[in-house]
Amino acid sequence: MGVILLVLTSLLVIFIFSFLKVAYDTISCYFLTPRRIKKIMEKQGVRGPKPRPLTGNILDVASFLSKSTSKDMDQITHDTVSRLLPHYVAWSKQYGKRFIFWNGVEPRLCISETEMIKELLTKYSTKSGKSWLQREGTKHFIGRGLLMANGSDWSHQRHIAAPSFMGERLKSNAGLMVECTKNMLQSLRNAVESGQTEVEIGEYMSRVTADIISRTQFGSSYEKGKQIFHLLTELQSLCHQATRHLCLPGSRFFPSNYNRQIKSKKMEVDRLLLEIIQSRKDCVEIGRSSSYGDDLLGMLLNEMERKRSDGFNINLQLVMDECKTFFFAGHETTSLLLTWTVMLLASNPCWQEKVRAEVSEVCNGETPSIDHLPKFNLVSKNLPILSKSVPFTLNHAKQRAIILLAVKSMLNMVISESLRLYPSGTLLPRMAFEDIKLGDLEIPKGLQIWIPVLAIHHSEELWGKDANEFNPDRFASKSFAPGRHFIPFAAGPRNCIGQSFAMMEAKIILAMLISQFSFNISDSYRHAPVVVLTIKPKYGVQVYLKPLNS
Ligand code: HEM
């Protein structure tokens, strides 16, 4: 009897202790820390809109956005900041370049001074990262994959994945990229031959980029991965909506309709990924192949079998999370870059012609192939083509000048301008994990910092009066500062790991498309960019297509 009483008393003490700890953590997370941060920032003169209890300024942001995106844009213009970041426009006017607003109980400091941004992304790359709210909001979508990893886990995961996107491994993907693009062009040709003159190009771009990432990194095809992409898109949208409820304490445990749908779709994606992983393992087990391969999936599986001395081990869940991360990050962003670029070229026929002429010059009128690829980095109108086969006879300074000018090929310039006007993400979020000093500001631990990429890319102060116009020439004539005011791939150690992969892919697809088809924007195209995590054309991009050799 005495023993039972002792056990019960101990359990009660443990329960009360745990309850008090959870209560304290909740109060600290939802009230004490945010209030402390608010005071520290107010002392430094940083202010912002008044937050409401628990929801902060979420409802204000939602109301701004629902008004600004309620209609399509009148014409194809690119001044999208007031449409996609209306709250930024209103609050930066009222409170200045730095202001603070509240995503639920999470304070967010918005900064647009480019020196500060550079400092944050480079100097403080290890002292900042992804916040609890971001990680919780995407937990069932991409889990703890590289995009959402922090600290030493991030650096291990980055180290494992990086070789797949560098040097010879990267170049070895070009053949498959050309192959997949040929299939996409054939489907376009079939569509035209069957009498269809207008296509929604986004669908084709989505499919070809999905095919490329599946084949190059997972040894699967789009057909096999189709369901995964479909489910990931649905999960992305559900998680985006569910994040809004996360500001309510304990909301993630409510058996809401959202949570139920998210869980069932996540289980389905995991099941499909397990099939791909298992089939790769089976190949080794039955002796059909001697290793897991050197693509991303192969490297992850090799890593899973290794027992590391530093205690970082990849388990099956992390392999699946990385697969989801790369399926998602490696597909949608590039697909959107291509879709927006086609929209820009279809509504600017003069630039379309210039790029077509350059492609034809570089490829000598042949269909673009892997061999032509390096030349798109190294040519510009009226400049000699620089390749390894052309011996340098100029002095070092002239060589450098020519190379600097030459990297700005028409195709590169158009892609850069497209990334400037329509970067995949409107903002880059970072959370300070320690107290840091950013410029003249003391940033307390726990403050989320918000870089409004879209607004920086459209700033007249940084880009000039024509900041909202499509003018690829700006990348030839003006010195722009990557890492400061041109940050479509972020910057610093935590920049986009797939940047070179994406640029190579975009150049191959655009060069091949433009050499085989001419395209004009369709009368049915409605210009209505919207943000669903990334900037998307709400109704797709419809173009009239004409094969060039018929
Ligand atoms: C036009 C295409 C692309 C754009 C504009 C883009 C943009 C970005 C940006 C802005 C980030 C930083 C996000 C943040 O820290 O919040 C990022 C990170 C990342 N991107 Fe990309 N991306 C593109 C293509 C790709 C491709 C093709 C892949 C993979 C094949 C990829 C994989 C990733 C991954 C895994 C990260 C996380 C890196 C880390 O945290 O260390 N991206 N990307």
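Biologist: Let's start with arginine 52. Is it buried, partly exposed or exposed?

Modeller: Keep in mind that this is a predicted model. Arginine 52 is partly exposed, because its relative accessible area is 41%.

Biologist: Which residue does arginine 52 form a salt bridge with?

Modeller: With aspartate 60. Their closest N and O atoms are 2.6 Å apart.

Biologist: And is aspartate 60 buried or exposed?

Modeller: Buried. Its relative accessible area is 17%, and the cut-off is under 20%, so aspartate 60 counts as buried.

Biologist: Why would two such side chains pair at all?

Modeller: Side chains of opposite charge can pair when their charged atoms come close.

Biologist: Where do arginine 271 and glutamate 268 lie?

Modeller: Both are in helix α12, which covers residues 257-285. They are three residues apart, about one turn of the helix. Arginine 271 is partly exposed at 39% relative accessible area. Glutamate 268 is partly exposed too, at 26%.

Biologist: Which residues are linked in a network of salt bridges?

Modeller: Lys266, Asp270, Asp321 and Lys324.

Biologist: New topic, the ligand. Which residues come nearest to it?

Modeller: There are 26 residues around the ligand. Lys130, Trp154, Arg158, Arg494 and Cys496 come nearest.

Biologist: How far are the polar side-chain atoms of lysine 130 from the ligand's oxygen atoms?

Modeller: One of them lies 3.0 Å from an oxygen atom of the ligand. For arginine 158, an N or O atom of the side chain is 2.7 Å from a ligand oxygen. For arginine 494, that kind of distance is 2.8 Å.

Biologist: Which elements give two or more residues to the shell?

Modeller: Helices α7, α14, α15 and α23, plus strand β5. The largest share comes from α15, with three residues.

Biologist: How do the shell residues divide into nonpolar, polar and charged?

Modeller: The shell has 16 nonpolar residues, six polar and four charged.

Biologist: Back to arginine 158. Which helix is it in, and is it buried or exposed?

Modeller: Arginine 158 lies in helix α7. Its relative accessible area is 15%, so it counts as buried.

Biologist: What about glutamate 322, where is it found?

Modeller: In helix α14. Glutamate 322 is buried but has no salt bridge. The nearest side chain of opposite charge is arginine 494, 9.0 Å away.

Biologist: So which side chain does glutamate 322 make a polar contact with?

Modeller: The side chain of glutamine 157, at 2.9 Å. Besides Gln157, glutamate 322 touches Gly145, Leu146 and Leu300, again skipping residues up to four places away in sequence.

Biologist: Last one, the overall picture. How many helices and strands are there?

Modeller: The protein has 23 helices and twelve strands. Of its 550 residues, 51% are buried. Among contacts between residues at least 6 apart in sequence, 73% join residues at least 24 apart.

Key:
Residues are numbered from 1 along each chain as its sequence is written. This is a predicted model: local features need pLDDT of at least 70, side-chain atom pairs count only at pLDDT 80 or more; totals for chains, interfaces and linings use all residues. Side-chain values use heavy atoms; hydrogens and water are left out. A residue is near a molecule or strand if one of its heavy atoms lies within 4 Å of it. A polar contact is a pair of N or O atoms within 3.5 Å; within protein, one must be able to donate a hydrogen and the other to accept it, and residues adjacent in sequence count only if both atoms are side-chain atoms. Helices (H or I, at least four residues) and strands (E, at least two) are DSSP runs, numbered from the N terminus. Ala, Val, Leu, Ile, Met, Phe, Trp, Tyr, Cys and Pro count as nonpolar, Asp, Glu, Lys and Arg as charged, and the others, Gly among them, as polar. Buried means under 20% relative accessible area, exposed over 50%, partly exposed in between (1.4 Å probe, protein chains only). Lys and Arg count as positive and Asp and Glu as negative; His and the chain ends are not counted. A salt bridge is a side-chain nitrogen of Lys or Arg within 4 Å of a carboxyl oxygen of Asp or Glu. Contact means heavy atoms within 4.5 Å.
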